[in-house]
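Work through the exercises below with the model open beside you. Try each task before you read its solution.

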Amino acid sequence: MKFFNRKREEVSNLNYSLGKLHRKQASKGWLLISPYIVHQGIFFGIPLGWLIYLMFVKWNYLSPAKFYGLKNFVNLFTDDTFWLVLGNTFNMMAYFIPISMIGAILLALALNKLKYFRTVVALSFLVANVSSGVGYSIVFQKILAENGPINKILYNLFGITIPWFKEPQLAILSIALMISWKFIGYYGLILLAGIGAVPKNLYEAAKLDGATKRTQFFKITLPLINPALVMVLVMQITLTFGIFTEPYMITGGGPMKRTYTFMMFIYDNAFRTFTRTGPGYAATISVITAAISFSCIFLVRKIIERKVDLT
Amino acid sequence: MKKLLVVLVILLTISFTFGTINFWTAPNPQQEEFWKGMVEEWNANNPDAQIKWKVIPATGSSEEAILTAIASGEGPDLCTNIFSGFAAQLIEAGVLVPWNDFDGYEELLEKRGMVEAIKGWEFGGNSYVIPIYSNPMLVWWRSDILKEAGFDNPPRTYSEVLALGEKVAIPKERYAYAFIKGKNWWDRWYDFITHYYAAGDGAPYFDVQNNKCLFNKVEGSSGDAIGYEVANFIEELFDKDYDAISMIDNALYLGAVVGQINGPWDMPTAASVFPDVYPEHIVFSTPPVPDSYPADKPIKTFADTKGMVLFNFAKDKDKIWEFVKWVYSDPEHDKKWLELTNLPPVRDDLTTNELFASIFENNTGLKAYAEYVPYAVPPALTTFTTEIQDLMTQYLIEPLSLQKETAKDAVDRTVNEINKELF
């Protein structure tokens, strides 16, 4: 009996010590993450709370806000511009995602083949990514102008010109091409990291089995870089919902409002037509835009994402 | 140490007793130089009404900066760089103080010679905005190309522009006349509205009281509505390939277009970047008008104008008024403004007052602009400025430049869409 009591006491002491250690460790953990929590609270929590508040009020910055119930939502879903912008966004995705994805895969495959100066070449593709949106928009606008260099060459050689920003579909394609130019290098590097992680012995085994390069790409590379592909895809979707500078600078949302994006829609309602719509309506658009964007990401992950084991 | 404390206490007492006036001005180096000097001089002579001067913070637009500042309680008491549409929105929100409530208002209008100009800024019988400058929009023509084409003077009418096009246009290389200024809502001030005012002798394009479009209603010199007259001109320009939606940069200076609408703010850049073209090979004219427009009648144009407003949350309103009166009742200040900014101040004696003669002697371009100040009409003071001009872009300018609709259909559709949007 004494033996059992002693054991019980020992276990209880051990539990107490472990609990004390656990509490000590936990408090250290809290202390370490506290700057992050405070930072998030200030720069994410407060704006989020403010955004949620704004969704239910009508406000023009100048006079006190009035409770507006769900009217901002009703107005948004009955606003033709909202549906037009949603259509424009999917239209932009239809060009931007395949162009930049194929470009990034090709770049990653090419970089993977390089034996020397791979880092230098890879980094040189990142120059586009760090260039100013305003700056390269102006450059592209001038290059693709009706009497710009590309159209002049085409006209002199073949007697034709391409109305890059004149026709709605071409204007969307032109902007998609510009954004692809900016991001192909960045996405390419992510995919290169994915390709680099694929075990080489898989290719050797496939070669022994007589697999062609094409079969190796479609049966080994592509399935095994699935996590990197999904990551790029998520980034592409998020980016499409956030396009602002290029159409704002080049097309002003036209022609026929077909390059008008969610960000422009939010900005205009927040600051240009603030006496009629205002920040309340803009906040509602931004929350709905975020919800649509998250839904797209969720859907894409559900359809495309596969568990990959590279060990 | 004690002395220092006493001085500090006195300074604090003064600042709490009198407060400071928050004054914001346009983020433009030349205007900044002018206001810096003005504020320094005022502050040195008026210790009881100190002005804290600041440039409108850099954001997407001045309106965005002002609105967010007001919302966070950090807004200005007095602010410049206010365009008509924003002024109308602020008036509607009830945050502006009418200048005509102050003693000596009429006297200031007389002194600065802006009795007529202020009428374009009146809203409900009150004047909430003091116009600072007025930029008449004029057409810049390449005189060397005009001469080569056999034109001694710039084209005055639509037919003359089209005749010029026949002689100078080279497909995808050179265009006759850049009617379209751009794709943003504000570009409509400089193309459609400018040409509308020219064709219609300054007739209004929008009924501010009833929120109705007028440009398919008000008759022009041909008997047709002014809007149709202007739209027909756009249609013909694009039909004949004499204009393009997007041109290379600096098309006028590179000879890729023969004429385009410009403001006086384009002069310094033209002179420094293209000294071989400006001013030697540039002539100025009013915007072209319909052929039926009387030959002896002066041609009106659009006034790109911005003004100064006083917010109703300002504490020292009377002192602010004293400052404004001090700035605008002395023509020397307007002279300094003109010298520094090249933007014509809103006064009707610009070309007759000897004080300004020396400036115009050395700057013929500026003189041309100053001469048209009395003929420059400001835009409609409506809260729907951006909506109206966005719809003009979407339903008028784009379909006509893409040749997707006839002039009449495009005008009628635009009017319908605007009226529908506003009600």
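Helices (H or I, at least four residues) and strands (E, at least two) are DSSP runs, numbered from the N terminus. The model is predicted: local features need pLDDT of at least 70, side-chain atom pairs count only at pLDDT 80 or more, and totals for chains, interfaces and linings use all residues. Residues are numbered from 1 along each chain as its sequence is written, with chains lettered from A and ligands numbered from 1 in the order in which they are written.

**Exercise 1. Classify A:Asp309 in the same terms.**

Step 1. A:Asp309 lies in the segment after helix 13 (278–304) of chain A.

Step 2. A:Asp309 counts as exposed because it has 5 C-beta neighbours inside 10 Å.

Step 3. Take a distance. A:Asp309 and A:Ser124 are 185 residues apart along the chain, with 32 Å between their C-alpha atoms.

**Exercise 2. Describe how helix 8 and helix 9 of chain B pack.**

Step 1. Two packed helices are described by the angle between their axes and the distance between the axes. Axes are lines fitted to C-alpha atoms, for helices over the stretch in contact, and angles run from 0 to 180 degrees between N-to-C directions.

Step 2. Read off the values. Helix 8 (residues 187–199) and helix 9 (residues 226–239) of chain B pack at about 120 degrees, and their axes are 9 Å apart.

Step 3. Name the arrangement. Angles under 35 degrees count as roughly parallel, over 145 as roughly antiparallel, 65 to 115 as roughly perpendicular and the rest as oblique. Helix 8 and helix 9 of chain B are therefore oblique to each other.

Step 4. Name the residues. Helix 8 of chain B brings B:Phe192, B:His195, B:Tyr196 and B:Ala199 to the contact, and helix 9 of chain B brings B:Ile226, B:Gly227, B:Glu229 and B:Val230.

Step 5. Sort them. Ala, Val, Leu, Ile, Met, Phe, Trp, Tyr, Cys and Pro count as nonpolar, Asp, Glu, Lys and Arg as charged, and the others, Gly among them, as polar. This contact of helix 8 with helix 9 of chain B has five nonpolar, two polar and one charged residues.

**Exercise 3. Repeat the analysis for helix 12 and helix 13 of chain B.**

Step 1. The axes of helix 12 (residues 331–341) and helix 13 (residues 354–361) of chain B come within 10 Å and cross at roughly 10 degrees.

Step 2. Helix 12 and helix 13 of chain B are therefore roughly parallel to each other.

Step 3. B:Pro331, B:Lys335, B:Leu338 and B:Glu339 of helix 12 meet B:Leu355, B:Phe356 and B:Ile359 of helix 13 in chain B.

Step 4. By class, this contact of helix 12 with helix 13 of chain B has five nonpolar, no polar and two charged residues.

**Exercise 4. Characterise the side of chain B that touches chain A.**

Step 1. Count. 30 residues of chain B are in contact with 28 residues of chain A.

Step 2. Find the elements. In chain B, helix 3 (62–71), helix 4 (84–92) and helix 15 (385–401) each supply at least two residues of this side.

Step 3. Sort. The side of chain B that touches chain A holds 11 nonpolar, 10 polar and nine charged residues.

**Exercise 5. Locate two cis peptide bonds.**

Step 1. In chain A, a cis peptide bond joins A:Gly254 and A:Pro255, with omega about -5 degrees. A:Pro255 is in the loop between helix 11 (245–250) and helix 12 (262–272) of chain A.

Step 2. In chain B, a cis peptide bond joins B:Tyr278 and B:Pro279, with omega about 5 degrees. B:Pro279 is in the loop between helix 10 (266–273) and strand 12 (282–285) of chain B.

Note on methods: Two residues are in contact if their C-beta atoms, placed from the backbone, lie within 7 Å. A residue is buried if 20 or more other C-beta atoms lie within 10 Å of its own, exposed if 12 or fewer, and partly exposed in between; C-beta atoms are placed from the backbone.
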